[in-house]
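Take a look at the model below.

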Amino acid sequence: MTVRVATEEDIDAIRHVAKASWETDYPEVLTRETIEEGFNDWYAREQIADALFPARSLVLVAERDDVVVGFAHATWSSDESEGYILRLYVHPDYRRQNVGHELLNHTRSELASEGVERINAMVLAENDPGNTFYQQFGFEYVDESQTTIGGTSYRENRYVLE
């Protein structure tokens, strides 16, 4: 498996992983319409393309046999030495194969090289696998806020790793 910085050629593959993940992880939490609307908003080609190039933003992809099987999107503030893992998804067909672990390790390493000392991870409160993932890697639950998906507000947990 290879983990590398995403390019514009990866946008469709990132969208594919995100869509499959949302459809697998959220049917009990989000309606089909909300999944579609949220996906189209958060993962519009332009949104992903914009995240590939700005300063203090990182998008990594994990590849297996030249197929993108996961991705991570993180940002950071050099003023505060604080980073944020906004998204980390693994295609459902490739879960439990250390893809998420490798993406997390590479993301942590890249953030550390940028001077980040504290990493925040955001995950929907009702996404049990996502919450468990961060907890098993030493992230500690800090608080809860609200995020909007498809015009509806949902609880989102924040985890921190110092």
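The text below goes from the helix to the strand residue and then to the pocket.

This is a predicted model: local features need pLDDT of at least 70, side-chain atom pairs count only at pLDDT 80 or more, and totals for chains, interfaces and linings use all residues. Residues are numbered from 1 along each chain as its sequence is written, and side-chain values use heavy atoms, without hydrogens or water.

Start with helix α3, residues 45–52. Helices (H or I, at least four residues) and strands (E, at least two) are DSSP runs, numbered from the N terminus. Ile 48, Ala 49, Ala 51 and Leu 52 are the buried residues of α3. Seen down the axis, they fall within an arc of 160°, so they line one face of the helix. That arc is taken from the directions from the helix axis to the C-beta atoms. Buried means under 20% relative accessible area, exposed over 50% (1.4 Å probe, protein chains only). Glu 46 and Asp 50 are exposed, on the face turned away from the buried side. The buried residues pack against α1, β2 and β3, with contact meaning heavy atoms within 4.5 Å.

Next, Arg 87 sits in strand β4. Arg 87 is buried, at 16% relative accessible area. Its contacts beyond four places in sequence include Trp 42 and Phe 71.

α5 gives the most to its lining, with six residues.
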